[in-house]
Amino acid sequence: MVIKEIKYLKDECGVHEFMFVDGVFNRPADHARKICELIIQENIDITWSAWCDIKEVTPEFLDLATKAGMRRMPLSPDAATDAALRKLGKNIKTSDIDRVLKLIKNYKNLYVSFGFYVIVPSQTFRGLLHTLY
């Protein structure tokens, strides 16, 4: 169904770029993989973006998604210290953020943005400076 809608938007409406408005596109990973594979299989030449879960960003996912047309990937870790990530109930650590930062350097046509809160519960001044740095 998703692929039919993408084809319709491209072929009938002239859409050349869209965003998956999904809470997190790459979770579950198998679902995202299938969509990317179908876009490639159907040879749909379209550019898209999607919010992604940092934990599920892997080289395999990025290879497939960028081949399928993903050009923008907003991420929302919301905090830049382990203490703040825990307080926000995030299931990630700063090491996960660092891993993705290193990984995305290999994808020159992929624009990635990170969303952070400046002030989070129990944030220290040092934590704030780390976020801003």
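I looked up the largest pocket and found about 240 Å³ of space in it. For my own record, a pocket is an open set of points on a 1 Å grid over the protein atoms alone, where a 1.4 Å probe fits, with protein on both sides within 12 Å along at least five of seven lines. Volume here is the space filled by probe spheres set on the points, with grid points joined across faces, edges and corners.

This is a predicted model, where local features need pLDDT of at least 70, side-chain atom pairs count only at pLDDT 80 or more, and totals for chains, interfaces and linings use all residues. Residues are numbered from 1 along each chain as its sequence is written, and side-chain values use heavy atoms, leaving out hydrogens and water.

Next I asked which residues sit closest to the centre of the largest pocket. They are R27, D53, I54, S76 and K90, out of 13 lining residues (those with an atom within 4 Å of a point). I noted the lining by class as six nonpolar, three polar and four charged residues. In this scheme Ala, Val, Leu, Ile, Met, Phe, Trp, Tyr, Cys and Pro are nonpolar, Asp, Glu, Lys and Arg are charged, and the others, Gly among them, are polar.

**The second largest pocket**

I read off a volume of about 180 Å³ for the second largest pocket. Its lining has 10 residues, and A80, I97, L101, F116 and H130 lie nearest the centre. α5 (94-104), β4 (111-116) and α6 (125-132) each give at least two lining residues, with α5 supplying the largest share, four. Helices (H or I, at least four residues) and strands (E, at least two) are DSSP runs numbered from the N terminus. By class I have six nonpolar, three polar and one charged residues in this lining.

**Helix packing**

At what angle do α1 and α2 cross? I found roughly 45 degrees for α1 (residues 2-13) and α2 (residues 29-41), with axes coming within 10 Å. Axes are lines fitted to C-alpha atoms, for helices over the stretch in contact, and angles run from 0 to 180 degrees between N-to-C directions. V2, I3 and I6 of α1 make the contact (heavy atoms within 4.5 Å) with I35, L38 and I39 of α2. I counted six nonpolar, no polar and no charged residues there.

Then I turned to α2 and α3 (residues 59-67), which pack at about 35 degrees with axes 8 Å apart. Here A32, R33, C36, E37 and I40 of α2 meet F61, L64, A65 and K67 of α3. This contact has six nonpolar, no polar and three charged residues.
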